[in-house]
Amino acid sequence: MIEPIGPSQRGLVETSTGSGLSRRWTDLMPRVLSALVMAILALGTAIAGGAWFSLFWLAASCAILWEWQHMIDETSAIRRLIVGVIALTAALAAASAGHDGVAVCLVVAGLLGVSAVAPSGLRLAAATGLVYASALLASVIVLRTSEPDGFVAIIWLFAVVWGTDIMAYFGGRRFGGPKLWPRLSPSKTWSGFFIGILCGTVAGLAVAPSPRQILPLLLIGLAAAGVAQAGDLFESAMKRRYGVKDASHLIPGHGGVMDRLDGFVAAAVFAACLGIARLGIDAAGAGLFTW
């Protein structure tokens with residue numbers, strides 16, 4: 001039987017009836033320290049842009065791919081990881097050189113390769129892991145390299161997701177109440193869900209350009225915050241499906257990179273797709289803010 005997901009996940013409320021207040025906050029210090037380090041790296045590379053930004057998110061995508069492949073099955077996980085990392089790295093190099101079509105073909109080739117070395121019953125799941133990792137990498141690169149609002153788009157995305165994440169955690173633990181989806185994530189609460197979305201929306205609005213266009217930015221922030229929460233639930237469903245508590249133990253207080261970036265992946269894909277749909281791939285960032 002799969003064990004209930006533990007308190008190391010974001011936005012959870014302590015479920016043990018015998019626990020006091022201090023027990024509910026025992027993971028706070030490692031979470032804060034880990035979050036500070038990751039925030040400094042994310043912000044620093046976002047400011048630097050270029051190769052530093054690309055390499056940072058390539059590393060994050062490869063870590064997600066590694067966690068995904070080990071989560072679904074450890075058999076041939078290393079081979080699947082190697083094939084996937086080669087595909088991600090080659091696709092990033094091609095995209096950086098302006099060959100977007102080649103980059104897409106390289107990812108498709110990687111999907112076929114990962115599927116080929118996966119156990120017969122896990123080929124689709126293994127390939128989906130590469131889709132998930134490449135979607136993150138492609139989304140943040142598209143947003144950051146777009147003009148004129150690429151940098152602002154990334155900062156806005158950080159504000160929305162981090163605001164949602166942090167306040168869902170504190171709101172859920174402070175107020176508790178009815179569970180959001182007990183079968184999927186037993187400790188998440190509706191209070192944390194709504195507090196997180198509201199605070200993420202406000203945080204995004206605070207850093208977005210064009211303050212006169214409040215209503216569209218408010219709605220986009222609300223949608224992105226909701227998508228981030230959905231991404232969190234998606235990862236919870238995956239972990240429950242494969243019987244793991246955390247994606248890995250790479251990040252103290254948070255679990256794995258997937259545990260930290262599940263909502264960010266979903267929100268980044270949403271933002272990139274919206275921006276591209278409105279003003280095209282070269283102006284995806286501006287597509288979020290120009291109304």
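Ile214, Leu215, Leu218, Leu219 and Leu222 form a nonpolar surface patch of about 450 Å². The model is predicted: local features need pLDDT of at least 70, side-chain atom pairs count only at pLDDT 80 or more, and totals for chains, interfaces and linings use all residues. Residues are numbered from 1 along each chain as its sequence is written, and side-chain values use heavy atoms, leaving out hydrogens and water.

**The patch**
- Patch residues have over 30% relative accessible area and no salt bridge, and nonpolar side chains are joined within 5 Å.
- A salt bridge puts a side-chain nitrogen of Lys or Arg within 4 Å of a carboxyl oxygen of Asp or Glu.
- Leucine 218 belongs to helix α9 (residues 214–242); helices are DSSP runs (H or I, at least four residues), numbered from the N terminus.
- Leucine 218 has a relative accessible area of 33%, so it is partly exposed.
- Buried means under 20%, exposed over 50%, partly exposed in between (1.4 Å probe, protein chains only).

**Serine 61**
- Serine 61 sits in helix α3 (residues 50–72).
- Serine 61 is buried because its relative accessibility is 0%.
- Beyond neighbours within four places in sequence, serine 61 contacts Leu88, Ala133, Leu136 and Leu137; contact means heavy atoms within 4.5 Å.
- The side chain of serine 61 reaches the backbone oxygen of alanine 133 at 3.3 Å.
- C-alpha to C-alpha, serine 61 and alanine 135 are 8.8 Å apart, yet 74 residues apart in sequence.

**Helix α7**
- Helix α7 (residues 150–175) has 26 residues.
- From first C-alpha to last, α7 reaches 37 Å, close to the 38 Å expected at 1.5 Å a residue.
- The expected span is 1.5 Å times one less than the number of residues.
- Glycine 176 follows α7, with a positive phi near 60 degrees.

Conventions:
Patch = residues over 30% accessible without salt bridge, like charges linked within 9 Å, V, L, I, M, F, W, Y side chains within 5 Å. Areas by Shrake-Rupley, 256 points an atom, 1.4 Å probe, with all protein chains shown as cover. Helix = DSSP H or I, 4+ residues; strand = E, 2+ residues; numbered from the N terminus. Polar contact = N/O pair within 3.5 Å; in protein donor to acceptor, adjacent residues only side chain to side chain.
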